[in-house]
Amino acid sequence: MIKLLTERLWSDSFTFLLIFTVAVGILLYYYFFHANPKTIPEGDGWWGDREQQDMQEDETVHSFTIETSEEMIQDLHYRMDHTRFTPPLEDSRFQYGFNSSYLRKIMSYWRKDYNWKKQLELLNQFPHFRTRIEGIDIHFVHVKPPHLPQGQTAIPLMMIHGWPGSFYEFYKIIPQLTDPVSHGLSQQETFEVICPSIPGYGFSEAPRKKGFNSIAAARVFCKLMQRLGFDRFYVQGGDWGSLIATNMAQMKPQNVKGIHLNFFPNARMGLKILPSLLLGQYAPSLVGFTQTDVERMYPFVKKNVYDLLKESGYMHIQGTKPDSPGCALNDSPVGLAAYILEKFSTWTNKDFRDLEDGGLTRKFSLDELLTNVMIYWVSGSITSSMRLYKENLGADFQNRVDAKVGVYVPAGMAAFPNELMHIPLVWARQKYKKIMTFSYMSRGGHFAAFEEPDLLAEDLRNFVQTVEKSA
C-alpha cells in the first residue's frame, strides 16, 4: 500500500513538474519573442481608381505650381457677398465659438484687402512636386539648402502637418533649417526639408476608399522618402503629423533616424498613470514629475477633463460623421473660415476664448491665417481632411496595432505650455523608449512651427545634434 502511494505521489509530482516546466517555457518564449514587438507591419494599399490598380504605377516626380482661375476667385467673392450672419450673444466673445461680429471684420478684410495673387507668389516661392503613390497623387514641398560647404551632406528631414493646418505652417521655419548661416546659426545642422500634404489635405489627392488612417499615411510617406532617394532621415510632426511620424518610426526604424514631436499623447496609458496622477501634485519628485509638470497639469480635472471637453466637440463630429459638416463647410467660405480660424484662436491659447477678437492676430497675421484657409478652399479638401478622424478614431483606436508597440528610435519632445494637454516625460517614456531630449518650451501652443518657428527650430536642431553625437 505504501509503495503504491509513493509511486502515485512521484507520478503526480512528475506530472506537475512537467506541466510547470512547459508553462514556464511557454511564458518565457512569449515574453522574449512575442510580448514586445518593436515594429508594426508595413502592409500595402491602393487608394485610387479601382480600374488602374493592376497597372504599373508611374513613379515619376513632377514639378507642381499652385494655380487658381479667375472664375474660382469670382465664385469665392460671390459667396462671400451673399453670406448670412447670425448675431452673437451679448458679451459672448469666443466662448460660443467664433464671434460673428469679429467674423464680419475678417470677411471684410478677406474680400477687400487680402491679396491672393501675392499669397500665391509666396506659396510658390518653394519648389512644389507631386508623385503618385498607392494610386493617388501626393503633393509635397521640397527645399534644398542654397549654400552647403563642399563635402557636407544636408540632413534629410520630413515635416508633417495636422488638422486644420497645412504644409504652409512650415514656411517660416524652413529657411532657418535649410539656410542657417543667413539666420546667424551654425551650418553644422543644415537640413533638406520635405513637407508633404497628408492625402486628402491641400493638394494631395484624397483617398477614394475607406480605411486611410495614420498607418497608411506613414507607409505612403516612407515610400515618398524612398522614392526621393533618402535611406535614412528624420521626421518632425505635431497633431496628426506626430502620430504619422510615430507610425513611420514604428514601421521603418531602420530608415527613421529619429522623430521630433511637439504633440505626443499616448492612447494606452490607462491605469499605469494612476499612482503618479494621484501623488504627483503632492510629491512630484516621488513619481518622476517636475514642478513644471505640476503647474501645467493641475488642477487635473479642470485642465485635462473640463478644458478638453470644451475643445473636443469637433473631434466627435469628425470622428463619426465628417461628411455632414463637410458638405456645409465646402460650400461656404465664411463658414469654413469660422470653423478653421476658431481652432487657431483657442488652440494657440485657451484664454483667448475670453477676448472679443479671439486673440487671432496676437501670434499670426490675417494674411497667414487666410492663406491657410484658402488652401482648403481652392483645393476643396475640408471634407476629405476631416475623414482622417473617422478613419483613425472610428475603429478601436486604443487596441490598434500601433498603440501596442513602443517607439525605439531616438525621440525628441518639445512640450509647449499652451498645448491642449501636457504629457510629462515619465508618461512619454511609456511609449517612446529612447527619448534623447525633452524640452519645456517657454511659450507657444498647438501650432508650434507656425506660431514659434524660432523656438521649434532651435529645439529640433538641438535634438538632431544630440542624436548625431551619440551615433
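Visitor: What does Ser-379 touch, leaving out residues up to four places away in sequence?
Guide: Ser-379 touches Gly-202 and Phe-203, where contact means heavy atoms within 4.5 Å. This is a predicted model, where local features need pLDDT of at least 70, side-chain atom pairs count only at pLDDT 80 or more, and totals for chains, interfaces and linings use all residues. Residues are numbered from 1 along each chain as its sequence is written, and side-chain values use heavy atoms, with hydrogens and water left out.

Visitor: Which helix is Ser-379 in?
Guide: Ser-379 sits in α15, residues 366-379. Helices here are DSSP runs of H or I with at least four residues, numbered from the N terminus.

Visitor: And which side chain makes a polar contact with the one of Ser-379?
Guide: That's Ser-381, at 2.8 Å. A polar contact is a pair of N or O atoms within 3.5 Å; within protein, one must be able to donate a hydrogen and the other to accept it, and residues adjacent in sequence count only if both atoms are side-chain atoms. A polar side-chain atom of Ser-379 also lies 2.5 Å from the backbone oxygen of Ile-375.

Visitor: New topic: how many residues of α6 are buried?
Guide: 11 of its 14, including Phe-221 and Leu-224. Buried means under 20% relative accessible area, exposed over 50%, partly exposed in between (1.4 Å probe, protein chains only).

Visitor: What's at the start of α6?
Guide: A side-chain oxygen of Asn-213 comes to within 3.1 Å of the backbone nitrogen of Ile-215.

Visitor: And which residue takes a positive phi just after α6?
Guide: Gly-229, with a phi of about 95°.

Technical notes. Helix = DSSP H or I, 4+ residues; strand = E, 2+ residues; numbered from the N terminus.
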